[in-house]
Amino acid sequence: MEPILSARGLNKRYGKVTALNNCDFDLMPGEILAVIGDNGAGKSSLIKALSGAIRPDSGDIFLDGKKVSFSSPIDARNAGVETVYQTLAMSPALSIADNMFMGRELRKPGFMGKVLRQLDRAEMERIARQKLSELGLMTIQNINQAVETLSGGQRQGVAVARAAAFGSRVIILDEPTAALGVKESRRVLELIQDVRARGIPIILISHNMPHVFEVADRIHVHRLGQRLCVIDPKDYTMSDAVAFMTGAKLPSVHEAGAEAVGN
Amino acid sequence: MTNQAEVDEGLVQRTEAVASFEHQVTLLSRLQHALHSNPALVPLIVLMMSIAVFGALLGTKFFSSFALTLILQQVAIVGIVGAAQSLVILTAGIDLSVGAIMVLSSVVMGQFTFRLGMPPAVAIACGLAVGTFIGFINGWLIARVKLPPFIVTLGIWQIALATNFLYSGNETIRAQEIESQAPLLQFFGHSFSFAGAVFTYGVIFFIVLVVFLAYVLRHTAWGRHVYAVGDDPVAAELSGVNTKHILISVYMLSGLICAFAGWVLIGRIGSVSPTSGQSANIESITAVVIGGISLFGGRGSILGMFFGALIVGVFSLGLRLLGADAQWTYLLIGALIIGAVAIDQWIRKVSA
């Protein structure tokens, strides 16, 4: 099987700091791939390179086997790669519908849209409402309420719904449960599985081992700017994973061989 | 795995209730919500109240269509510049160069006609182009070179003002000359009356501009992006807004509107004077702040600025008709500014 999104030999340096050191990456179709690693391991840089937020100094990224080069998050989005950032990237004073369609607004058909460039609010609100109810988020009554009046979990839900609504190829979730309570985390994990059930592969960056082991199909362990190994959560325990990512334990030849998947 | 299963068992009997305080929907919290979704409401109420108070004190002397449209004429220029200022402040910036751009553009229009002998229409187009170009420099320095708007526009203010004096040689073009040779320059000074109400073309331009900008800000993608950039530029960038493009276009549009204000200024004072309009910076910021547009960006509406400009006009005419010292106007305007910012802070604390 061909990986849907892959990277070979990514390098990124910030002055003397090496964030990515000849890093490889593979995401298979329809899977949830967790990316774990200690602070400073370069997870964020890897994700930013894949989502177009930074340009790697060297190395190639492939989407569906074709080489791509994202110069901005907009490029990546146009290619069908959607990212939910840890900060959520939403404008607090604007409404849910405004936020969901930020940067890809729909205009009215005909004269009003083409000449007067008027937005089709009714249509955007309809789609936003539909996307939220598909993901069971219709506890939000008013699609026009400002995002700053929502709770943390609701905001996360809106951000995931935005990504799910437009991400046709890949969805990247950066620490989606870090700021949430137990119940809200559960809701977001269910959301992630709903999205996978629709056939869209997900990259999940998380520090929360129970969450990672619950939903991930494979786990990419990142250490010192490169992929240390890829493990199957069914074959390893959480303490093994933590040992790998902190360097307390090295993967055996066989485990490191898992890296060859997709090559 | 087992750990998670244990955690989940605890969730089986979970209740859906979240910790909550007894929440009273008071009149005050309803008001806070109403203001949160309609930021132009406060200046509208203040405007209505001040018209009512001065109307009661002065009777028909104030409460006539003539006096009320006189206010419009008096605030038209500050209002037009205030519209430019509103756009900039919505992006969490500030434009201190608005007044200087206005004067320089009007001087270009006048001097190009009389010194270079250009047809007035061409000279006006040149003046508008100069205003837009200065706006572009502002926007480029802020968006590309990433200098703070306050510093950039402080510098451009001085540069534009000095250019204005150097180029014009401190020379005023007299109203009679303009009237006889290039009446187009005074176009916005013409007026028509309607049942005692007098509308100059400048006032009409002001109103049309506000309606146009209100439409653009509310109903086009560009308008929503202006708000998003002011609200949280990083979030806007990540959700696919070209923030640099938006910032540069906002400052360019601000420069163009200020150049139009320069043309309206010629109509209002009749002559082209390099020393006119010096207080337009501060007055436009005053109108914007009283109009409830947040100096931190992303909140407020251009209609609020319209009401804010009118409030200033109502106070100054009303107090003048009452025979009060002009300093009372400044004193009250100062109090209004502080009150408006206090209300803005309160509205921001709105909770769900």
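I began with pairing: two strands pair if DSSP finds at least two bridges between them. Helices (H or I, at least four residues) and strands (E, at least two) are DSSP runs, numbered from the N terminus. The model is predicted: local features need pLDDT of at least 70, side-chain atom pairs count only at pLDDT 80 or more, and totals for chains, interfaces and linings use all residues. Residues are numbered from 1 along each chain as its sequence is written, while chains are lettered from A and ligands numbered from 1 in the order in which they are written.

**Entry 1: the antiparallel sheet**

I looked at 4 strands of chain A that form an open sheet in the order 2-1-4-5, with antiparallel pairing. Strand 2 (17-27) and strand 5 (66-68) of chain A are its edges, and each pairs on one side only. I noted an average twist of 30° from one strand to the next. Angles run from 0 to 180 degrees between N-to-C directions, and axes are lines fitted to C-alpha atoms, for helices over the stretch in contact. Strand 1 (residues 5-14) of chain A pairs with strand 2 of chain A over 7 bridges. I found Tyr14(A) opposite Val17(A) in strand 2 of chain A.

**Entry 2: the mixed sheet**

I then traced 6 strands of chain A in the order 6-7-8-3-9-10; this open sheet has mixed pairing. Its edge strands are strand 6 (81-84) and strand 10 (226-231) of chain A. The twist averages 20° from one strand to the next. Strand 7 (residues 170-174) and strand 8 (residues 202-205) of chain A pair in the parallel sense over 4 bridges. Asp174(A) has Ile205(A) as its bridge partner in strand 8 of chain A.

**Entry 3: a helix pair in chain B**

I picked helix 14 (residues 302-321) and helix 15 (residues 326-348) of chain B, whose axes come within 9 Å and cross at roughly 150°.

**Entry 4: where the chains touch**

I checked contacts (C-beta atoms, placed from the backbone, within 7 Å). In chain A, 27 residues are in contact with 24 residues of chain B. Helix 2 (73-78), helix 7 (182-197) and helix 8 (209-215) of chain A each give two or more residues to this side.

Definitions and conventions
Contact = placed C-beta atoms within 7 Å.
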